[in-house]
Amino acid sequence: MTTDLQPPADSETSEPAARRPRIELSRSLIAAGAVITIVAVAAVAFLAVDNHRIRAREQAREAALQAACTYAPTLARYDAKDLDSYFAAVLAGATGSWKTEFDATSKDLRDVLTQGQVVSTVGDVTCAIASADETSATAVAVINQTITSLGTKGAPAPGQLSVSMSLSKDADRWLVSEVSTPTLSH
């Protein structure tokens, strides 16, 4: 007597059992592919953001360098006969403690330059950025200048002025917030 409760023949059980590992393997491969895709997308997103930060920092560095190289000759070019233009140009590119300091000492500086009939012209200017980020920078400049004055008896006296500047980004432009020179340091 045969009953329907007998186990199926081997051929019937072997086929579904063989399919199970394939299905599990397929699911594992799909899961692994999904994980790899997610990791790849995350890596691409991270690299894109990092690249943007690097480019922004490099653009800021270049803009700060341009501002420093433009401002350096402004500091060293003056004529005792037209000091108003000189003071206005220096203050236009200044901010913070440098603006306050320069403005406070400009009357004394005016007296000295006028009494000495000082004229300073600018030659070559070499600039470099020592450090920079998106909103601040430190620059150095070496300015070749020629000074004529009563002290030089009207003869041109070549010289060189080294300047260290701190710059701050204010909206869309870079302004000089500190200036120091080895010859003017306290």
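Which residues form one aromatic cluster? In this predicted model, the cluster consists of Tyr78, Tyr86, Phe87, Trp98 and Phe102. Residues are numbered from 1 along each chain as its sequence is written, and side-chain values use heavy atoms, with hydrogens and water left out. As the model is predicted, local features need pLDDT of at least 70 and side-chain atom pairs count only at pLDDT 80 or more, while totals for chains, interfaces and linings use all residues.

The chain has three helices and five strands, where helices (H or I, at least four residues) and strands (E, at least two) are DSSP runs numbered from the N terminus. Read from the N terminus, the order of elements is α-β-α-α-β-β-β-β. Of the 186 residues in the chain, 24% are buried; buried means under 20% relative accessible area, exposed over 50%, and partly exposed in between, with a 1.4 Å probe and protein chains only. The chain exposes about 12,500 Å², and carbon and sulfur atoms supply 58% of this area. Accessible areas come from the Shrake-Rupley method with a 1.4 Å probe, and for residues only the protein chains shown count as cover. Among contacts with a separation of 6 or more, 54% are between residues 24 or more positions apart, a contact being heavy atoms within 4.5 Å.

Five aromatic pairs are present in the structure. In the pair of Tyr86 and Phe87, the ring centres are 5.5 Å apart and the planes meet at 50 degrees, so the pair is tilted. Rings of Phe, Tyr and Trp (its six-membered ring) pair if their centres lie within 6.5 Å; planes under 30 degrees apart count as stacked, over 60 as edge-to-face and the rest as tilted. Tyr86 and Phe87 are both buried.

Helix α3 covers residues 96-115, and its 20 residues should span 28 Å at 1.5 Å a residue; the end C-alpha atoms are 29 Å apart, which agrees. The expected span is 1.5 Å times one less than the number of residues. At Ser106, α3 bends by about 50 degrees, the bend being the angle between axes fitted to the seven residues ending there and the seven starting there. Gln115 also lies in α3 and counts as exposed because its relative accessibility is 63%. The C-alpha atom of Gln115 is 8.5 Å from that of Leu150, 35 residues apart along the chain. Gln117, which follows α3, has a positive phi, near 50 degrees.

Lys81 is placed in the loop between β1 (78-79) and α2 (83-92). With a relative accessibility of 79%, Lys81 counts as exposed. Its C-alpha atom is separated by 8.6 Å from that of Val118, 37 residues apart along the chain.

Gln145 is located in strand β3 (residues 136-148) and, at 11% relative accessibility, counts as buried. The side chains of Gln145 and Ser120 are joined by a polar contact of 2.8 Å. A polar contact is a pair of N or O atoms within 3.5 Å; within protein, one must be able to donate a hydrogen and the other to accept it, and residues adjacent in sequence count only if both atoms are side-chain atoms. The side chain of Gln145 also reaches the backbone oxygen of Ala76 at 3.4 Å. Apart from neighbours within four places in sequence, the contacts of Gln145 include Thr121, Val122, Gly123, Ala157, Pro158, Gly159 and Leu161.
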